[in-house]
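Opening the notebook on a new model.

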Amino acid sequence: MKFLNVDTYQEMSRQAANLISAQVIMKPDSILGLATGSTPIGTYKQLIEWYKKGDIDFSKVISINLDEYVGLDANNINSYRYFMDKNLFDKINIVKENTFVPLGTAENLEEECKKYDENIKQLGGIDLQLLGIGLDGHIGFNEPSEVFTKNTHIVDLDKSTIEANSRFFGSIDSVPKKAITMGMASIMRAKKILLIANGKGKKEILNKALFGPITPQIPASILQLHPDITVIYSEE
Ligand code: F6R
């Protein structure tokens with residue numbers, strides 16, 4: 001594991017964007033696994049800046065997002081599809097049809113989960129997976145549990161996750177209680193993993209996940225077993 005402790009959020013974002021752009025430059029048709037949330041916003045901003053300068057070309061990139069809230073569609077400002085369009089996809093030259101986010105409004109959610117895994121398999125798996133980490137140690141929306149769930153599945157969000165994410169929704173009651181998330185197998189099969197985290201509040205869970213026992217009670221702890229993981233942390 002490579003662990004980079006940097007001083008500022010901006011530095012974390014720049015270093016993460018560096019690794020993502022290196023991936024795209026080396027393999028223009030990369031399959032990028034992407035995350036939402038506050039942490040990667042700076043990374044996406046940096047990538048957009050470099051794209052505008054002509055330094056990165058996303059025209060052949062395929063992206064696969066980790067998760068989506070059940071019940072929210074692309075027009076809902078709190079959906080992860082909306083987040084990705086506004087914070088990245090609409091500002092770079094990625095082909096929209098090549099961007100995959102689970103469909104939280106699918107009529108048959110079980111079927112959507114199966115289709116999502118099938119698609120990842122057909123694409124040949126993820127080259128680089130960008131991850132954030134939740135305060136309870138979740139990655140994607142794989143919440144603490146008795147087991148590591150392998151495949152894309154529907155989850156009941158933890159109280160702490162609902163509370164943390166209510167900052168975007170205005171009230172706790174408006175936060176969806178369920179989400180659809182990629183499972184541990186697709187994440188762990190990614191060739192490279194890039195985990196970013198910032199803020200004093202994430203320090204304890206990050207330490208537990210990376211240096212404590214591997215347990216499904218701290219889903220991110222399984223990342224210790226990945227052969228090519230880079231972690232970038234900034235206390236800011
Ligand atoms: C979002 C995701 C989540 C977040 C985590 C941290 O797609 O997969 O696991 O990475 O909840 O969120 P922030 O960055 O908002 O602290």
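Predicted model: local features only at pLDDT ≥ 70, side-chain atom pairs only at ≥ 80, totals over all residues.

What share of contacts between residues at least 6 apart in sequence joins residues at least 24 apart? I got 78% for the protein.

**Overall build**

I went through the secondary structure next and found seven helices and 10 strands. For the box, I took the principal axes and got roughly 45 × 40 × 35 Å around the C-alpha atoms. I also looked up burial: 53% of the 236 residues are buried.

**Helix 1 against helix 2**

Reminder on what to look up: a packed helix pair is described by the angle between the two axes and the distance between them. Here I took helix 1, residues 9-26, and helix 2, residues 41-52. Their axes come within 8 Å, with a crossing at roughly 55 degrees. Angles from 65 to 115 degrees would count as roughly perpendicular and those under 35 as roughly parallel, so I logged helix 1 and helix 2 as oblique to each other. I checked the hand too, and the crossing of helix 1 and helix 2 is right-handed.

Which residues make the contact? On helix 1 I listed Y9, S13, R14, A16, A17, N18, I20 and S21. On helix 2 I listed I41, G42, T43, Q46, L47 and W50. Sorted by class, this contact of helix 1 with helix 2 has seven nonpolar, six polar and one charged residues.

Notes
Residues numbered from 1 in each chain as written. Heavy atoms only, no water. Axes fitted to C-alpha atoms, helices over the stretch in contact; angles between N-to-C directions. Helix = DSSP H or I, 4+ residues; strand = E, 2+ residues; numbered from the N terminus. Parallel < 35°, antiparallel > 145°, perpendicular 65-115°, else oblique. Left-handed = near helix turned anticlockwise from the far one by under 90°. Contact = heavy atoms within 4.5 Å. Nonpolar A, V, L, I, M, F, W, Y, C, P; charged D, E, K, R; others polar. Buried < 20%, exposed > 50% of the residue type's maximum accessible area, 1.4 Å probe, protein only.
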